[in-house]
Amino acid sequence: MIDGRNLWDLIVLRAEETPDRQMLVDQDGASITFGDYHNRAEKVAAGLAALGVGEGTVVSWQLPTWIESVVLVGALRRLGAIQNPILPIYRDREVGFIVQQAKPRMLIVPSEWGGFDFQDMAERLTEGTDTQVLVCDGELPTGDSATLPPGPDEDAHGGDGPIRWIFYTSGTTSDPKGAQHTDAAIRAAAIGMERGLHLASDDRSALIFPFTHIGGITWMYAGLRLGFVNILDQAFNPATTIPVMRRENVTQAGAGTYFHQTYLAAQQELPEGETLFPNVRAFPGGGAPKPPALHYAIKEQLGGAGIVAGYGLTEAPILTMGHVDDDDEALANTEGRATPGVELK
């Protein structure tokens with residue numbers, strides 16, 4: 001395990017420590033090492049800097065769970081931008097509100113994805129504003145990393161560092177809410193998750209939910225700290241995603257009740273004696289209620305520690321987390337204990 005003062009420090013340190021170790025692999029089998037990731041992030045940072053992105057620039061981005069989306073996170077962090085990941089399911093109401101409130105310098109979207117025209121929406125919603133639309137269909141602008149300015153002076157901000165993230169909730173009962181976070185907040189969530197799941201450098205985690213969710217960034221942070229692999233799929237579909245997870249020998253099979261139910265159904269369709277995920281250690285959960293019986297069924301039929309769930313919200317991710325060595329009653333009926341540094345009332 002390694003650590004850094006902030007996310008970019010961590011990216012640099014991990015690239016120095018294990019440059020040739022696999023970091024990400026996607027549904028098509030494309031992969032990237034920690035060393036390659038650092039280099040690509042710097043090149044994209046140079047490309048974005050040429051477009052006017054720098055320290056404190058607000059950049060909104062609404063991309064699927066692609067390797068390039070993870071690269072974008074590193075590139076924006078290298079520049080000291082304030083990044084605003086937007087869930088791909090958000091449409092005019094939420095994205096329009098974000099453009100008006102956060103006033104991003106840039107909004108990065110795919111041209112079309114999942115049968116929806118993101119480019120058209122972005123151009124309509126930014127008309128008459130100072131927000132520039134950048135279309136990314138798996139490729140981001142690049143430049144010569146030698147032209148990059150020095151990185152931001154994080155120490156100048158004091159405390160836990162500057163705001164680097166804005167995550168919006170959908171605002172189902174009112175306007176969307178933008179939760180602001182420092183890198184320290186994401187780091188704290190990652191540590192709580194790491195300890196509960198006993199994550200290790202040889203883990204292979206299923207990051208098969210929207211990467212723009214705060215949980216996606218948390219898994220990225222944990223993967224960098226410990227040096228494990230995150231398995232990406234741009235859209236969860238049991239018929240295609242589960243074979244990817246099997247191909248990649250998943251050990252942490254997240255990420256919530258619906259996912260776990262589909263794994264259980266897939267296991268029950270296999271021939272007797274065959275295990276869906278032979279190397280699984282745990283089924284991380286959260287974000288939805290879980291029937292206690294589901295934990296017992298998962299543990300009995302698929303193995304590992306069963307469901308190890310946590311509780312949190314966009315404003316305060318992973319406040320509690322189960323532990324793989326908790327007894328079955330606790331794992332089935334609770335969302336774990338308070339993570340380090342958290343006080344509950």
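Guide: Happy to. Two residues are in contact here when heavy atoms of theirs come within 4.5 Å. The model is predicted, so local features need pLDDT of at least 70 and side-chain atom pairs count only at pLDDT 80 or more, while totals for chains, interfaces and linings use all residues. Residues are numbered from 1 along each chain as its sequence is written, and side-chain values use heavy atoms, with hydrogens and water left out.

Let's begin with His38, which touches Trp8, Ile11, Val12 and Ala15 once residues up to four places away in sequence are set aside. His38 sits in helix α2; helices (H or I, at least four residues) and strands (E, at least two) are DSSP runs numbered from the N terminus. With a relative accessible area of 15%, His38 is buried, a word that means under 20%, with over 50% called exposed and the range in between partly exposed (1.4 Å probe, protein chains only).

From there, look at how α2 (residues 34-49) packs on α3 (residues 67-79): their axes come within 8 Å and cross at roughly 65°. Axes are lines fitted to C-alpha atoms, for helices over the stretch in contact, and angles run from 0 to 180 degrees between N-to-C directions. The crossing of α2 and α3 is right-handed; right-handed means that the near helix is turned clockwise from the far one by less than a right angle, and left-handed means anticlockwise. On the α2 side the contact includes Tyr37, Arg40, Ala41 and Glu42, and on the α3 side it includes Ile67, Glu68, Val70 and Val71. By class, the α2 and α3 contact holds 14 nonpolar residues, one polar and four charged. Nonpolar covers Ala, Val, Leu, Ile, Met, Phe, Trp, Tyr, Cys and Pro, charged covers Asp, Glu, Lys and Arg, and the others, Gly among them, are polar.

Next comes α7 (residues 214-226), a helix of 13 residues that reaches 19 Å from its first C-alpha to its last, close to the 18 Å expected at 1.5 Å a residue. The expected span is 1.5 Å times one less than the number of residues. Since 13 of the 13 residues of α7 are buried, the helix is largely enclosed by the rest of the structure. Just beyond α7, Gly227 has a positive phi of about 80°.

One partner of α7 is α1 (residues 7-17): the two pack at an angle of about 40° with their axes 9 Å apart. That makes α1 oblique to α7, because angles under 35 degrees count as roughly parallel, over 145 as roughly antiparallel, 65 to 115 as roughly perpendicular and the rest as oblique. The crossing is left-handed. Leu7, Leu10, Ile11 and Arg14 of α1 meet Met220, Tyr221, Leu224, Arg225 and Leu226 of α7. These contact residues comprise seven nonpolar, no polar and two charged.

Now turn to α9 (residues 257-268) and α10 (residues 292-302), whose axes lie 10 Å apart at an angle of about 40°. The pair is therefore oblique, and α9 passes α10 in a left-handed crossing. Among the α9 residues that meet α10 are Thr257, His260 and Tyr263, facing residues including Leu294, Ala297 and Ile298. That contact has six nonpolar, six polar and no charged residues. Buried residues of α9 include Phe259, Thr262 and Leu264, and the buried set packs against α8 (238-247), β11 (283-285), α10 and β12 (307-313).

The loops on either side of α9 deserve a look too. In the loop between α8 and α9 you will find Asn249, with phi near 55°, a positive value in a residue other than glycine. Asn249 is partly exposed, at 41% relative accessible area. Ala255 is in the loop between α8 and α9, and the peptide bond from Gly254 to Ala255 is cis, with omega near 15°. Neighbours within four places aside, Arg281 is in contact with Ala200, Asp202, Asp203, Thr251, Gln252, Gly304 and Ala305.
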